[in-house]
Each structure stands twice: as C-alpha cells, then as structure tokens.
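Welcome, and thanks for opening the viewer. Let us walk through the places where parts of this model meet, one selection at a time.

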Amino acid sequence: MNARINPPAAFESTPAAEGAVPLTLRINGNEHRLRLDPRTTLLDCLREIVLLTGTKKGCDHGQCGACTVHVNGARVNACLTLAVMHEGDEITTIEGVGQPGPLHPVQAAFVAHDAYQCGYCTSGQIMSAVALLEEPCGPTDADVRECMSGNICRCGAYPNIVAAIQQARSKS
Amino acid sequence: MQSFEFQRARDALSAIAAGAKSGTRFVAGGTTLLDLMKLNVERPEHIIDINGLPLDEVEPLADGGLKIGATVRNSALAHHPIVQRDYAVLSQALLAGASGQLRNMATTGGNLLQRTRCMYFRDTAMPCNKREPGSGCSAIGGANRTLAILGTSEHCIATHPSDMNVAMAALEATVHVQGINGERNIPIADFHLLPGSTPQRETLLEPGDLITHVTLPPPMPGKRSLYLKLRDRASYEFALASAAVVISVEGGRIARARIALGGVGTKPWRSTEAEEVLAGQRVGERAFRRAADAALRDARPQSQNGFKVELARRCLVHALNEATR
C-alpha cells in the first residue's frame, strides 16, 4: 500500500483513486467523508488520511497490538481490517479516550507506574487496557497478562503495565 | 497488495451469485485474509463484505442443540452463557486461541477456513504445493518443527492451526453451507480435506459457497469437557499439540468419549481410534494411555517434529485425567 499524506480537502482521499470507494467514517465522534482505495486498512486510513497518528503501525500483521483501536467498543487490530468495512461503525482511537489535561484513568495509571520505556506500543497497550475494563477478566496479575497478551512491548515494561492496569481496574 | 473490487453483500443470494465468480473472497473478520493478502499469498480480485448479513446470532435449537451464525465473533461465542454451560470445551478452545483483539474480529465461519501457519506457505519466494500446486514442499526436510505428524502426504505436511475446529470436531458440529445449487449440511469430520495430492483444496466448499451457520448437537448427557493446549509460550501462540475431550462417566466407567487433537494434524484431528479404546473402560491412567497410543499409532514424524508424538500422547492423557477428575 502506498498511501501518501494529503493536505486536508473536501474529500480526504488516497491518491490515484481509480476504483475508489466513497464512505463516511465516524472517528472519535467526528464524521470524515472519505474516498479510499479499497486496499486501505483502517490503520493506514487513520494515520495517513485522517492524520490521527497516535495509533501506531508495528508488525502490520495482527501480531503486536500497536494498532489497537476500538470499533463499537470492542478492541481490534486496525491493521487487519479494511477501512471500507467500517461505514457506520463508531471508531475510537487513543486521541478519543483522554486529553493532556483530563487523562483517562488508564492513561493516568500508566504515567503513575511508568508503564513504558520507548512508548511506541503504549497507545495500543492503553486502548487494550481501556477495553479490558469492560471485558470478562479474572482478578489476578496472571489474568491481566493473559488478557493483554495481544500487546507486545519490546522494551519489556510488562510488570509496570500490569501494575498500571490493576490500579485502574481497582478504581473503576 | 493486489488491487481488488470491493462490494458489500446486501443479501445472501446475491452474495453467493457474485461469490461464484473466480477470484472472489468473502470477508468477515479479515484476520486471515488481510494477513495473507499483505503477503501476496491471497490475491483476490473481488472482495465481498458479508458483515451486513444477518448471520451474527447464537440461538438455542428446539432439539436442545445450538445454532451459531457464521459471523458470530470468537469472543462473543466464547463468553456466551449457553456455550460456557453446555459446551465448555468450545469456550476454552476459543479463549486459548489468538489474542483479545483478534477474537473480537475473527468469526465462526472464518475460523473454519483458517489457513496454515507453515512458514513456506506464507513465503512466496519458497516452493509450496498448497500455495502453488506442483512447485514442491519445502517443509519436508526443511523447518518442520511445528508441522503435522498425522494426515500428511508426500505433497504437504502443513498443520491445521485452529483451536476452535478441534473443539467443534469433538462436539460433532455440522457446517451449514448455502451455494448456487442450494443448501448443504456437512459434518465437520468431512468438511476439511486431507492434503493428499491436492493440498491446495482444504475444504469441501465450491466457488460461491457461503457458510451461513454451524450447529452443535444437544450436549452429551452427563458429559464433562475440556480443551488442553500445549505451546512454546503460555499465551498468544499456536498449539504444538492440543486435545479436546468430551466424556461421560457412569459408575466409574467411560460411557462415551469424543476426542480430537490439534497442532498435530493436517486437519482438525478427530480420533475415533482413541474413542473406541475408551468406550466401556474403567476411568484411569491405563485406559487413557492406551487411548493416546491408539490416537498416535499412525503418526509420521518429520526431521524436526518427532517430539510431537510423545507430546500429543501426554497432552491427551493429561486432558482425560483433568476431565474425569
């Protein structure tokens, strides 16, 4: 896929849009009218077209979890789904869960516990953890590790990530 | 990724008619399809999104069984109260597979069509009979540590990667398919094909065929069920060996057992051999070991995966011990 960053226009679109599909995506409560090459993944659409770059591209094959976003409240890998499959869905990215002032409780817990080193996986970790608050997950650290196994941290910040999530769960 | 034409299915019949065109794939979760499209292993010319079809319900059947729509997500199915109560082995198998994110995407119908993780199948620079018939099998004599020991052929030793299908095999599920010539009900034991000389053909599906739902028979009276998965790391990893066990015990003896193995076969591996050994036997390690020996009797290990024979035996014995504890 070779999507380039376009200046904002009436239509936000991928270049050379022969066979492009028009659609409207609802992202963090805002509607975006798009015209996309159907090959565009939700991840590339978010980063390269809508310019919400908080969602990260790691492996691009659903193995690392850096691209985790919410679709209708459920956490998914944005790299393994096509943007054109999400007309009418409610999409939430890291930009939609908190702001520098009013942080989401999970974000605040990540700061308090230093739950990162380089930070590249952090938005995906936080999106997974926010979803986890509403999922069936047992009480122990081992339960949290199992539920978070789809998010890889190459720096190995796992102990602090688990501690942050447990703190956020205890307050929710 | 090769370009394709995208359309949304409005109803099953028009999706099936459009799906019969060569080079067409249905997409639901997309977790296998998109992954393989990025590797140029899958190169569809047309993609039909079936997420708009009304196939996402789990419904109890009048006979006491369960109907599971094709687009029911793995996570929804695993946490469904009826599945947890009556088909625990299925819930456990689903939750042992993939990650929380992938389970929110992956569907029941899609998982039936999950493709192998054989590294040569995923690498277009290497010969692979499944991807390119007649090109040869790189795994035989190659890196085959994770590959199959049951149901292999001289043309393909690729492991079937699904956990869900192993549980479905032990539960004797039926796959319901709608195609250009009407509807068919296929027992899961017949749905997946052995590689033989045509490893590119993995199921009985024909062009245009749409999996609409899966049905489970009523739960076995007095049954206990369990899924045990052994792997290189504790979570988010494919099975080296797994066992799905559905068993009922009366007066210390095994009344009925349904056994399937994962991670070791070229398809979800129902072992009627193990079931026959267990029927009528007293519960205990002795019968379980004999059943495990029967299940692995025809195993044909490759250069690097001989350990799987004993691993699968122990996996089954342990699962039977746990299920009858």
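Start where the two domains of chain A touch: 13 residues of domain 1 of chain A are in contact with 11 residues of domain 2 of chain A, where contact requires C-beta atoms, placed from the backbone, within 7 Å. To find these domains, select 12-96 of chain A for domain 1 and 105-171 for domain 2; the bounds come from an automatic or database domain assignment.

A note before you go on: this is a predicted model, in which local features need pLDDT of at least 70 and side-chain atom pairs count only at pLDDT 80 or more, while totals for chains, interfaces and linings use all residues. Residues are numbered from 1 along each chain as its sequence is written, and chains are lettered from A and ligands numbered from 1 in the order in which they are written.

Now put a centre on each domain of chain A, using C-alpha atoms: domain 1 and domain 2 are 23 Å apart. On the domain 1 side of their contact, colour strand E4 (68-71) and strand E5 (74-77) of chain A, the elements that give two or more residues each. Helices (H or I, at least four residues) and strands (E, at least two) are DSSP runs, numbered from the N terminus. E4(A) supplies the largest share of this side, three residues.

Next, select chain B. Here 21 residues of chain B are in contact with 26 residues of chain A. On the chain B side, show strand E1 (5-8), helix H2 (33-38) and helix H6 (100-105), which give two or more residues each. Finish on H6(B), whose five residues are the largest share of that side.
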